[in-house]
Amino acid sequence: MKKILVTGASGQLGRCLKDASLNYPAFNFHFADRSELDVAKRDSVKEFFANQSFDYCINTAAYTNVEKAESEEDAAFSTNAIGAKNLAEACADSNTLLVHISTDYVFDGEKRTPYLESDPTNPINSYGASKLKGEEYIQEVCDKHLIIRTSWLYSQYGHNFLNSMLRFAEEGRDLSITTEQVGVPTNANDLAVALLEIASTENELYGLYHFSNKGSGTWYDFAEAIFTFSEQIKNVKLAKTEQYRTFAARPAYSILNTDKLSNNFGVRMIDWKDSLQQLIKNHKQ
């Protein structure tokens with residue numbers, strides 16, 4: 001039986017993977033949160049891998065606060081770059097396939113057609129820079145790797161745009177949501193299933209890939225869809241704004257081309273609005 005280690009198990013993607021794992025009885029899963037495995041601590045990672053063997057390591061451990069990363073750059077790089085390097089070294093030594101999650105924020109947003117895996121990277125914030133450095137470490141250290149960039153992740157778990165908007169609706173807030181960034185909201189549950197489907201193929205086409213839901217939209221479009229599908233559109237005053245001041249710069253365009261992943265692994269992409277509507281329907285109480 002193949003054994004899969006999932007790091008960052010208490011985060012939203014880790015929790016979605018735990019849910020999805022129930023449908024993959026052919027795998028033996030080990031879910032490790034930061035208290036059990038702090039990827040930023042090299043000696044702890046080496047010891048952890050020395051005591052157990054894994055066929056796959058899905059690394060969802062990440063520093064994801066884009067705003068705070070500007071003032072906490074060391075913390076972001078510690079997890080996103082050094083942590084990735086530590087896992088890559090351990091996976092290389094133990095012949096474990098490392099599946100690492102990265103981000104659309106490695107791009108600068110200057111392009112106006114979906115980004116290919118081969119397009120030049122140029123992050124414009126500290127979070128993106130830390131994730132790109134993690135990619136580079138993995139590519140240098142571990143031949144058996146899959147780096148999967150994704151975008152605008154949300155789910156029923158944790159701190160994310162979906163849960164923030166639902167909370168604001170309950171509070172009856174007036175909201176101004178930006179229209180100046182275009183991307184693809186991506187359901188972390190869909191990514192979790194895709195990762196386990198990829199593992200199931202045992203395909204050895206290693207390298208860099210993109211995953212997101214289909215379609216595109218702005219953050220305003222995302223918010224409007226959330227309130228529409230949750231039937232709370234009348235509870236909020238929603239307004240568009242072109243300018244929304246943030247501490248961290250964000251790419252104006254970050255749609256990812258996902259053809260390579262579909263072609264090599266047969267992964268099916270779902271329209272982001274359909275996926276969002278289904279998630280809200282499933283978890284509406």
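Below are the stops, starting with the whole chain.

**Before you click**

This is a predicted model, in which local features need pLDDT of at least 70, side-chain atom pairs count only at pLDDT 80 or more, and totals for chains, interfaces and linings use all residues. Residues are numbered from 1 along each chain as its sequence is written, and side-chain values use heavy atoms, with hydrogens and water left out.

**Stop 1: the whole protein**

Show the cartoon first. Along the principal axes, the C-alpha atoms fill a box of roughly 55 × 40 × 35 Å.

Now colour by accessibility. Buried residues make up 53% of the 285, where buried means under 20% relative accessible area, exposed over 50%, and partly exposed in between (1.4 Å probe, protein chains only). Of the contacts (heavy atoms within 4.5 Å) with a separation of 6 or more, 83% join residues 24 or more positions apart.

**Stop 2: Ile-101**

Select Ile-101 in strand 4 (residues 97-103). Its relative accessible area is 8%, so Ile-101 is buried. Which residue 47 positions away in sequence sits 5.0 Å from Ile-101, C-alpha to C-alpha? That is Ile-148. Leaving aside neighbours within four places in sequence, the contacts of Ile-101 include Leu-13, Lys-131, Thr-150 and Leu-195.

**Stop 3**

The whole structure has seven salt bridges, each defined as a side-chain nitrogen of Lys or Arg within 4 Å of a carboxyl oxygen of Asp or Glu.

- Select Arg-149 and Glu-135, which meet at 2.9 Å, N to O. This pair links distant parts of the chain, with Arg-149 in strand 5 (residues 145-150) and Glu-135 in helix 5 (residues 126-141), 14 residues apart. Arg-149 is buried at 2% relative accessible area, and Glu-135 is buried at 2% as well.
- Select Glu-67 and Arg-250, bridged at 2.8 Å, N to O. Glu-67 belongs to helix 3 (residues 66-69) and Arg-250 to the loop between strand 12 (237-241) and helix 9 (259-265), 183 residues apart. Glu-67 is partly exposed at 27%, and Arg-250 is partly exposed at 22%.
- Select Arg-34 and Asp-38, which meet at 3.7 Å, N to O. Arg-34 is exposed at 63%, whereas Asp-38 is buried at 14%.

**Stop 4: Asp-190**

Finish in helix 7 (residues 188-201), where you will find Asp-190. Is Asp-190 buried or exposed? Asp-190 is buried, yet has no salt bridge. Draw a distance to Arg-268, the nearest side chain of opposite charge, and look for 7.8 Å; here Lys and Arg count as positive and Asp and Glu as negative, while His and the chain ends are not counted. Now show what surrounds Asp-190: beyond neighbours within four places in sequence, Asp-190 is in contact with Phe-211, Asn-213, Ile-270 and Ser-275.

Conventions:
Helix = DSSP H or I, 4+ residues; strand = E, 2+ residues; numbered from the N terminus.
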